[in-house]
Amino acid sequence: MADDGAGALPPAEVQAEWMRVARDEAELALASGDVPVGALVVGPDGAVLARAHNEREVRDDPTAHAEVLAIRAAAEALGDWHLTRATLVVTLEPCVMCAGAILAARIPRVVFGAWDEKAGAAGSLYDVLRDRRLNHRVEVIAGVDEEACSRQLTRFFRER
């Protein structure tokens with residue numbers, strides 16, 4: 001896929017470090033009993049522009065997914081909803097709603113950890129992010145630190 005502005009794909013070590021930060025963010029969701037999903041929006045220089053975790057329970061808001069909250073915060077920080085030079089990093093494959101927000105923000109790259117076979121929209125159940133019928137497609141890097149991300153979610157659901 002052509003470079004849309006997110007820059008060259010960073011090395012695996014950098015992606016793993018981003019995912020570690022996203023996993024740390026996901027842990028914050030546990031305080032409110034929410035599913036531990038964390039997301040970062042990273043600029044082309046590798047700096048974190050925004051970070052968020054699921055807050056559906058604490059906000060009583062079904063749209064308060066980590067990805068949506070991180071995208072909103074990044075757009076506010078930049079003063080522009082066009083996130084055409086950003087990378088979204090998330091611990092769980094985005095759902096259809098989050099994939100829509102990613103496309104709307106024109107984010108060129110998504111890096112995610114665990115696959116979501118029940119609701120994923122980045123290659124497992126659906127592939128909204130790379131659907132050629134849409135006017136924007138996203139580079140998807142899947143399975144970064146997949147085992148650790150999956151363990152975090154499995155532990156949450158087992159304890160529930």
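Me: Where is Ser150 found?
Reply: Ser150 is found in helix α5, where helices (H or I, at least four residues) and strands (E, at least two) are DSSP runs numbered from the N terminus. This is a predicted model, in which local features need pLDDT of at least 70, side-chain atom pairs count only at pLDDT 80 or more, and totals for chains, interfaces and linings use all residues. Residues are numbered from 1 along each chain as its sequence is written, and side-chain values use heavy atoms, with hydrogens and water left out.

Me: ok, and is Ser150 buried, exposed or partly exposed?
Reply: Ser150 has a relative accessible area of 27%, so it is partly exposed; buried means under 20% relative accessible area, exposed over 50%, and partly exposed in between (1.4 Å probe, protein chains only).

Me: Switching to α1 and α5, how do their axes cross?
Reply: The axes of α1 and α5 come within 11 Å and cross at roughly 10 degrees, axes being lines fitted to C-alpha atoms, for helices over the stretch in contact, with angles running from 0 to 180 degrees between N-to-C directions. That makes α1 roughly parallel to α5; angles under 35 degrees count as roughly parallel, over 145 as roughly antiparallel, 65 to 115 as roughly perpendicular and the rest as oblique.

Me: Which residues meet there?
Reply: From α1, Met19, Arg23, Ala26 and Glu27 meet Ala148, Cys149, Gln152 and Arg155 of α5, contact meaning heavy atoms within 4.5 Å.

Me: What else do the buried residues of α1 pack against?
Reply: Besides α5 (146-159), they pack against β1 (38-42), β2 (48-53), β3 (87-92), β4 (109-114) and β5 (139-141). The buried residues in α1 include Trp18, Met19 and Val21.

Me: New topic: where does UniProt place the "active site"?
Reply: The unreviewed UniProt entry places that feature at Glu67; UniProt positions are given in the numbering used here, feature names are shortened, and annotations may be inferred rather than shown by experiment. Glu67 is found in helix α3 (residues 66-78).

Me: Is Glu67 buried or exposed, and what does it touch?
Reply: Glu67 counts as buried because its relative accessibility is 4%. Not counting residues up to four places away in sequence, Glu67 touches Val37, Ala39, Leu88, Val90, Leu92, Pro94, Cys95 and Cys98.
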